[in-house]
Amino acid sequence: MSEEKANKLSKEEKDRRFEAELMPVIGPLYNFAFRLTLDEDDANDLVQETYLKAYRFFDYFEQGTNAKAWLFRILKNSFINDFRKKSKQPAKVDYNEVESYYNTDDVEGEGEMAATSDMRSQAVQELIGDEVAGALNSLPVDFRTVIILCDLEGFTYEEMAKILDIPIGTVRSRLHRARNFLKEKLEKYAKTMGYDADNNGNHDEDE
Amino acid sequence: METTTTELKGDVTAANADCDKVISILEMIIDEEASSEEQSYFYQHLEECKNCFEAHSHQKMLKSFLKMNVKRKDVPASLISTIKSIVHETA
Ligand SMILES: [Zn+2]
């Protein structure tokens with residue numbers, strides 16, 4: 001009897017640990033859910049579903065390990081397996097389509113410098129929060145995901161590989177393409193928002 | 001100035017092997033994933049190469065730019081209480 005007790009947490013103890021270890025992650029998790037679904041109600045449902053799954057599988061969670069990465073992984077799987085299917089949202093651009101468009105496997109890709117130099121334009125620098133979020137939101141979901149995980153949540157490549165179930169090399173190349181894509185979007189946004197990219201005196205190339 | 005145009009074009013065509021290597025690890029540097037050897041190789045090159053120096057500062061800018069501009073949403077209080085109560089009721 002006492003042995004059984006040692007292996008299996010009491011309901012009370014389990015709930016206490018669950019709250020102490022997993023609830024503090026709810027802020028980042030909710031933001032991740034919102035950036036994936038782009039809808040507050042959907043984000044709510046997704047986070048709730050994630051915590052219920054986490055509770056069900058809490059015995060498999062090793063205390064003291066990376067709770068944030070564990071929850072993010074559950075949420076991302078819920079999003080792909082359940083959520084994306086039943087969502088009425090029209091399907092976003094399929095990642096594979098985009099990936100083959102941005103062909104090549106190596107990170108040291110083409111067009112690198114050209115995309116990098118876009119960031120120097122004054123117009124991009126003048127974009128404000130909503131517009132930047134808009135550019136991010138307009139990326140295909142798989143591209144958006146790596147940028148959120150890396151640049152907004154500060155996960156390492158290794159953690160990202162685990163969350164997304166892909167090799168680290170794929171994390172790197174996807175991140176690279178996502179960033180170039182985002183830079184293009186930001187530049188386009190800056191133009192359509194009426195900021196004049198050629199008005200800042202730094203540009204004197206012919207066009 | 002004339003030099004600006006040349007430099008911009010130089011960016012794209014730079015065939016320097018060191019530059020290629022530096023650019024290939026640029027994002028790892030920014031993301032703090034590079035080894036200490038890679039870091040010292042990288043920053044040493046930056047001291048002598050203006051193009052790579054600029055590429056680095058722009059890439060870094062993108063990252064902080066995102067962090068600064070993408071606002072965080074507050075978690076609805078009702079979500080937290082709902083999760084807690086469902087969990088407590090679960091056997
Ligand atoms: Zn260089």
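1. B:Glu32 sits in the loop between H2 and H3 of chain B; helices here are DSSP runs of H or I with at least four residues, strands are E runs of at least two, and both are numbered from the N terminus. Phi of B:Glu32 is near 55°, a positive value in a residue other than glycine. B:Glu32 counts as exposed, at 73% relative accessibility (buried is under 20% relative accessible area, exposed over 50%, partly exposed in between; 1.4 Å probe, protein chains only).

2. A note on the basis: this is a predicted model, where local features need pLDDT of at least 70, side-chain atom pairs count only at pLDDT 80 or more, and totals for chains, interfaces and linings use all residues. Residues are numbered from 1 along each chain as its sequence is written, chains are lettered from A and ligands numbered from 1 in the order in which they are written, and side-chain values use heavy atoms, with hydrogens and water left out.

3. Chain A has a positive phi too: A:Asp165 is near 55° and is not a glycine. A:Asp165 lies in the loop between helix H11 (157-164) and H12 of chain A. Its relative accessible area is 45%, so A:Asp165 is partly exposed.

4. Now the metal site. The zinc ion has protein donors B:Cys19 (SG), B:His45 (NE2), B:Cys49 (SG) and B:Cys52 (SG), at 2.1 to 2.3 Å (donors are N, O and S atoms within 2.8 Å of the metal, or 3.2 Å for Na, K and Ca; water is not among the atoms, so sites may look incomplete). Along the chain the donors follow C-x25-H-x3-C-x2-C. B:Cys19 in helix H2 (residues 17-30) and B:Cys49 in the loop between helix H3 (36-48) and helix H4 (50-69) of chain B link distant parts of the chain, 30 residues apart. B:Cys19 is buried at 9% relative accessibility. B:Cys49 is buried at 12%.

5. The four donor atoms subtend angles of 102 to 114° at the zinc ion, so the arrangement is tetrahedral (for four donors, all angles between 85 and 135 degrees).

6. Next, the helix packing between chains. Helix H12 (residues 168-192) of chain A and H4(B) pack at about 75°, with axes 12 Å apart. H12(A) and H4(B) are therefore roughly perpendicular (65 to 115 degrees). A:Arg179, A:Leu182, A:Lys183 and A:Leu186 in H12(A) meet B:Gln59, B:Leu62, B:Lys63, B:Phe65 and B:Leu66 in H4(B) (contact means heavy atoms within 4.5 Å).

Definitions and conventions
Four donors count as tetrahedral if all angles lie between 85 and 135 degrees; four count as square planar and six as octahedral if opposite donors are over 155 degrees apart and all others between 65 and 115; anything else is irregular. Axes are lines fitted to C-alpha atoms, for helices over the stretch in contact, and angles run from 0 to 180 degrees between N-to-C directions. Angles under 35 degrees count as roughly parallel, over 145 as roughly antiparallel, 65 to 115 as roughly perpendicular and the rest as oblique.
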